[in-house]
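Here are my notes on the model you passed along.

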Amino acid sequence: MTDKDMDVKKPKRKVDVCGYPVSIFFIVVNEFCERFSYYGMRAVLVLYFRYFLKWDDDLATSIYHTFVALCYLTPILGAIVADSWLGKFKTIVYLSIVYTVGQVVMAVSAIHDITDTDMDGTPDNMTFHVAMSMVGLFLIALGTGGIKPCVAAFGGDQFEDHQEKQRSTFFSIFYLSINAGSLLSTVITPILRGQECGIHSQQKCYPLAFGVPAALMVVALIVFIVGSGMYNKTAPKGNIMLEVCKCIGFAIKNRFRHRSKKFPKREHWMDWADEKYDKLLVAQVKMVLKVLFLYIPLPMFWTLFDQQGSRWTLQATTMDGNFGILIVQPDQMQTVNPILILALVPIVDSVLYPLIEKCHLNFTPLKRMTVGMLMAALAFVAAALLQLQIDQTLPKLPSGVAGQVKFLNLNNAPLTVTIDGTTDFSVPAHQVNSGDYLTFDKPVKVMFNKNASAIFVNGLGSALNVTLGVGDIAPLSVSNYSLVPQGKAGFTIMDRAGASCLYSKELGFGSAFTLVIPSTFDIVSPDCWQAIQVIEDIKPNTIHMGWQIPQYFLMTAGEVVFSVTGLEFSYSQAPSNMKSVLQAGWLFTVAVGNIIVLIVAEAAQLPDQWAEYVLFASLLVAVCIVFAVMSYFYTYTDPAEIEAKFSQLQHEPEEKKKRDSVKMESKDSDCSNNSKASDNNKSYSVDEQHNQEVKQSKM
């Protein structure tokens with residue numbers, strides 16, 4: 001062996017700080033930035049669909065949950081690629097590049113100026129923005145899902161066998177970095193979204209809200225690559241999931257091949273794999289399938305849980321976010337979940353569970369999960385009750401076959417309106433008709449006794465310009481609605497000569513107003529603002545966002561009891577080499593849960609949102625009852641004990657062979673002693689032959 005070869009095989013000297021490998025600090029920072037990137041983008045996603053792409057609530061919800069489902073399906077692909085082909089390090093690097101490109105594409109898709117050729121603040125080619133968004137989301141789902149099963153495991157690989165305590169602490173810090181990234185991003189990105197930006201016109205700044213997560217993903221990738229020289233990189237050893245799938249496939253195929261009654265039945269259908277696969281592997285697969293069978297009802301929990309980012313966020317848009325000194329955006333309400341997680345996990349683990357144990361109550365993991373599912377159902381009942389209260393404050397919108405209208409009189413004298421020759425009412429000068437909007441379910445003929453204009457409105461004979469995104473208004477014309485931040489808004493009205501008038505108005509969440517500038521408006525008058533007529537089209541939201549906290553509390557408490565316990569239960573019931581299989585199965589239940597949202601949202605088509613909440617709660621209660629029955633008949637096992645038993649059975653034949661060989665040697669020795677006298681004359685020739693053999697072996 002050359003010196004060069006010896007240098008190659010020398011292990012790299014590991015650098016430790018306070019007993020921890022330096023490499024893990026790069027991994028923790030990488031995870032924090034990646035989780036900030038993912039949850040930050042996801043926090044504003046449904047509002048981007050709703051208000052930038054102009055999709056309705058149902059389509060926005062469907063695409064949102066399709067994306068989340070894809071994010072939880074791709075981890076299976078990432079695990080297979082890492083374990084069977086590239087290894088964890090290369091998989092993380094390559095898919096992080098894909099992830100980063102996706103975030104950048106998403107940020108570019110939100111720039112309205114790219115296709116806003118007429119500079120009116122609205123994209124003229126919405127197909128371009130939709131296509132870019134879908135490409136970006138697909139790349140993000142592939143990246144975030146692909147690296148999900150690799151990063152934590154790669155961090156665990158950095159520790160030696162004697163560093164069990166440090167490894168355990170690392171996973172706690174790793175989990176903390178996930179929640180810290182999630183919490184900060186769901187606070188910051190909605191604030192960024194609320195800013196105004198643009199080249200030709202100022203709009204909600206979705207490019208910034210997506211651009212900052214993209215920048216954090218770039219940082220995550222750079223930090224991870226910088227630590228490359230310090231990592232302990234293990235070579236791919238083959239993926240156990242593929243082996244499990246092959247074993248199950250062979251058992252099914254073999255059972256189908258021997259379906260005739262002439263073949264004796266076996267205790268378990270997996271026993272049909274004994275002809276090809278090791279009995280220990282078959283036993284391990286049986287244990288995994290036993291747990292996976294319990295997973296069947298679990299997706300329904302995630303169906304409700306992940307609607308925090310869709311339906312509940314849309315619900316918050318119809319509520320008042322004024323918390324006094326703090327104005328909360330609808331998408332910022334999602335921060336309640338990570339805050340409550342950080343508070344509830346130690347309370348539940350250190351106080352609630354020990355207290356239940358002292359009361360001698362058998363609160364098994366499966367019972368805890370059942371309680372968690374019931375709490376999630378109660379959260380949706382609370383959401384339904386809140387929605388009923390919100391609905392009473394919302395404007396009454398017409399159905400699909402009806403229309404609504406109000407009449408605005410810009411004349412200096414009252415107008416009389418006749419509808420179909422029967423309904424007469426008067427519209428005062430410079431005002432609209434009193435009462436609610438008039439609703440018609442068929443074409444009607446409307447006649448005025450004088451000319452009038454229909455619904456800032458410029459009643460002057462000259463053009464005006466209004467700030468805060470309203471823009472120029474031609475004579476006797478109407479501006480588009482302009483989105484204005486909640487609070488006191490100041491509008492500056494200017495004419496062509498440069499004269500101006502400042503008008504201020506307190507605006508509540510969700511309100512809509514029409515401001516009428518009458519023909520008698522004198523822009524140079526000190527009291528010019530008093531001439532402006534205010535018409536309230538839609539009343540401000542009156543139900544406070546704080547009323548969402550109870551449903552968030554119930555859902556988060558359910559998550560702590562259900563999710564944490566579920567992972568703990570799965571790991572305790574999984575064979576030592578198949579924990580990754582159950583992890584993939586657990587993530588798959590999340591994906592299926594989001595797919596259920598798509599099916600129910602599209603199939604149910606319920607007219608009232610509160611009814612949909614009740615439907616989801618009812619489905620979860622029904623599934624919870626099924627899960628409780630399945631749990632009652634479940635028998636807890638000790639995988640280590642079963643594996644040890646099979647290992648002992650495998651070693652017994654070898655030990656038997658050793659005992660038999662010892663007995664044979666003993667018999668040979670006895671026979672040798674008994675025949676010593678007869679063989680004495682042969683000893684010289686045997687010894688000589690032995691010496692010759694030794695000499696030949698040394699040559």
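1. Start with E275, which forms a salt bridge with R266, their closest N and O atoms lying 2.6 Å apart. The term salt bridge here stands for a side-chain nitrogen of Lys or Arg within 4 Å of a carboxyl oxygen of Asp or Glu. E275 is partly exposed at a relative accessible area of 49%, and R266 is partly exposed too, at 33%. For those labels, buried is under 20% relative accessible area, exposed is over 50%, and partly exposed is in between, using a 1.4 Å probe and protein chains only.

2. A word on where this comes from. The model is predicted, so local features need pLDDT of at least 70 and side-chain atom pairs count only at pLDDT 80 or more, while totals for chains, interfaces and linings use all residues. Residues are numbered from 1 along each chain as its sequence is written, and side-chain values use heavy atoms, with hydrogens and water left out.

3. How many salt bridges are there? The structure holds 9. As background, side chains of opposite charge can pair when their charged atoms come close.

4. Another of the salt bridges joins D58 and R311, at 2.7 Å from N to O. D58 sits in helix α4 and R311 in helix α12 (residues 311–316), so this pair ties together parts that are 253 residues apart in sequence. Helices, by the way, are DSSP runs of H or I with at least four residues, strands are runs of E with at least two, and both are numbered from the N terminus. R311 is buried, with a relative accessible area of 3%, whereas D58 is partly exposed at 25%. Look for E612 as well: D58, R311 and E612 are linked in a network of salt bridges.

5. R35 and E34 are worth a click. Their side chains meet in a salt bridge, 2.7 Å from N to O. Are these two buried or exposed? R35 is buried, with a relative accessible area of 5%, and E34 also counts as buried, at 3% relative accessibility.

6. K246, K253, R257 and K276 form a positive patch. A patch takes residues with over 30% relative accessible area and no salt bridge, joining like charges within 9 Å and nonpolar side chains (Val, Leu, Ile, Met, Phe, Trp, Tyr) within 5 Å. Lys and Arg count as positive and Asp and Glu as negative, with His and the chain ends not counted; a charge is placed at NZ of Lys, CZ of Arg, CG of Asp or CD of Glu. K253, one of the patch residues, lies in helix α9 (residues 240–257) and is exposed, with a relative accessible area of 52%.

7. There's a nonpolar surface patch too, made of L374, V621, I625, V629, Y632 and F633, with about 650 Å² of accessible area together. Areas like this come from the Shrake-Rupley method with a 1.4 Å probe, and for residues only the protein chains shown count as cover. Which helix gives the largest share? That is α17 (residues 609–632), with 4 residues. V621 lies in α17 and is partly exposed, with a relative accessible area of 33%.

8. Check two loop residues for backbone angles. K54 has a phi near 65°, a positive value in a residue other than glycine; K54 is found in the loop between α3 (45–52) and α4 (57–86) and is exposed at 56% relative accessible area. H360 has a phi near 60°, again positive in a residue other than glycine. H360 is in the loop between α13 (336–358) and α14 (365–391), and is exposed at 74%.

9. Helix α8 (residues 206–226) has 21 residues and reaches 31 Å from its first C-alpha to its last, close to the 30 Å expected. That expected span is 1.5 Å times one less than the number of residues. Its buried residues include Y206, F210, L216 and F224.

10. I24 is in helix α2 (residues 23–43) and counts as buried, at 5% relative accessibility. I24 and F170 are 146 residues apart in sequence and 7.9 Å apart in space, C-alpha to C-alpha.

11. Finally, the overall tally. The protein has 20 helices and 17 strands, and 43% of its 699 residues count as buried. Its accessible surface comes to about 36,600 Å², 62% of which belongs to carbon and sulfur atoms.
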